[in-house]
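Biologist: Please take a close look at the strands of this model and at what surrounds them. I would like one connected account, with the cut-offs stated.

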Amino acid sequence: RSSDLLRTLNIGWCTDLSDEGIGSLDQCATLTDLNVQRTQASDSAMMRLCDLTHLTRLSAAGCAITNEGFAKLSSLSNLKELNIDSCGAVTDILASSAEWIQMMSNSQPLPPVFSSLESLHVSFTKFEDGGAKKLKLFHNLKHLWFDSCRIGNDSLPSLATLTHLETLDLSDTLVTSAGFQTLKPLNGLQTLSLFCTPVSKDALGIIRDFKSLTSLNLDSREITDYELSHVANLVNLKELDMFGSLIS
């Protein structure tokens, strides 16, 4: 059967695809890369896809999937990239708060996906500080996108423990300069976006020490020629966006 050989399948934007059709992919046991974005996939489809234990990449962006559906994916021990961008009902990708508290209090083993996930897109979801704090358990995360999520300073100490991070997108979040100070340990960052955040020029005192940065988006109305001197220390910088700044 062809399904015994299939490794990559892109059925994104096939808007007539139902849960039943997507769920039948659980027969494609060799799949490693699956894109079901903007289909009719919901929680029931996720419950069946969790049998695809070889998956390394899954995009379910823009689907009507809730926390419960994504929590089922915790058994995917090889998953390295998960894209749930624009899944508007999602506030968390782990167990419910009650299940989480019980798991931690009983010292149960953490789901295997914690050790494998490297890239997580949660932009344009309803992620808040509670869900973001749990991400500290994903020790190998390298790329994390929070664009337009309602996270603020409370989650930053947890994110600061993710010292393997290379990409961090905090665009249009509630993070401020006061909270940004806690991200000092993330000196391996290569891409940082603070577009449309309350982060002010004060954060540049921290950013100047991120020597690995190759891409920086500030979009700050407070940056003048004086603050620009901090950016000059970023010797590896290749992309810089300071739209609307006060430089001369």
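Modeller: What follows goes from the sheet to one of its strands, and then to the core and the cysteines.

This is a predicted model, in which local features need pLDDT of at least 70 and side-chain atom pairs count only at pLDDT 80 or more, while totals for chains, interfaces and linings use all residues. Residues are numbered from 1 along each chain as its sequence is written, and side-chain values use heavy atoms, with hydrogens and water left out.

The chain has nine helices and 10 strands; helices (H or I, at least four residues) and strands (E, at least two) are DSSP runs, numbered from the N terminus. An open sheet of 10 strands runs in the order β1-β2-β3-β4-β5-β6-β7-β8-β9-β10, and its pairing is parallel. Two strands pair if DSSP finds at least two bridges between them. At the edges stand β1 (8–10) and β10 (239–241), each with a single partner strand, so one side of each has no neighbour in the sheet. On average, neighbouring strands of this sheet are turned by 5 degrees against each other, direction ignored; the axes are lines fitted to C-alpha atoms, and angles run from 0 to 180 degrees between N-to-C directions.

Within the sheet, β3 (residues 57–59) and β4 (residues 81–83) run parallel and are joined by three bridges. R57 has E81 as its bridge partner in β4. R57 is also among the residues touched by D33, together with R7, T8, L9 and L55, not counting residues up to four places away in sequence; contact means heavy atoms within 4.5 Å. D33 itself lies in strand β2 (residues 33–35).

The largest nonpolar core has 67 residues, of which F146 and I207 touch the most other members. The elements that give two or more residues to this core are α2 (43–49), α6 (156–159) and α8 (204–207). A nonpolar core is a set of buried Ala, Val, Leu, Ile, Met, Phe, Trp, Tyr and Cys residues joined through side-chain atoms within 4.5 Å. Leaving aside neighbours within four places in sequence, the contacts of F146 include V122, F127, L135 and L168.

Zero disulfides are found in the whole structure, a disulfide being a pair of cysteine sulfur atoms within 2.5 Å. C87 is buried at 0% relative accessibility.

Note on methods: Buried means under 20% relative accessible area, exposed over 50%, partly exposed in between (1.4 Å probe, protein chains only).
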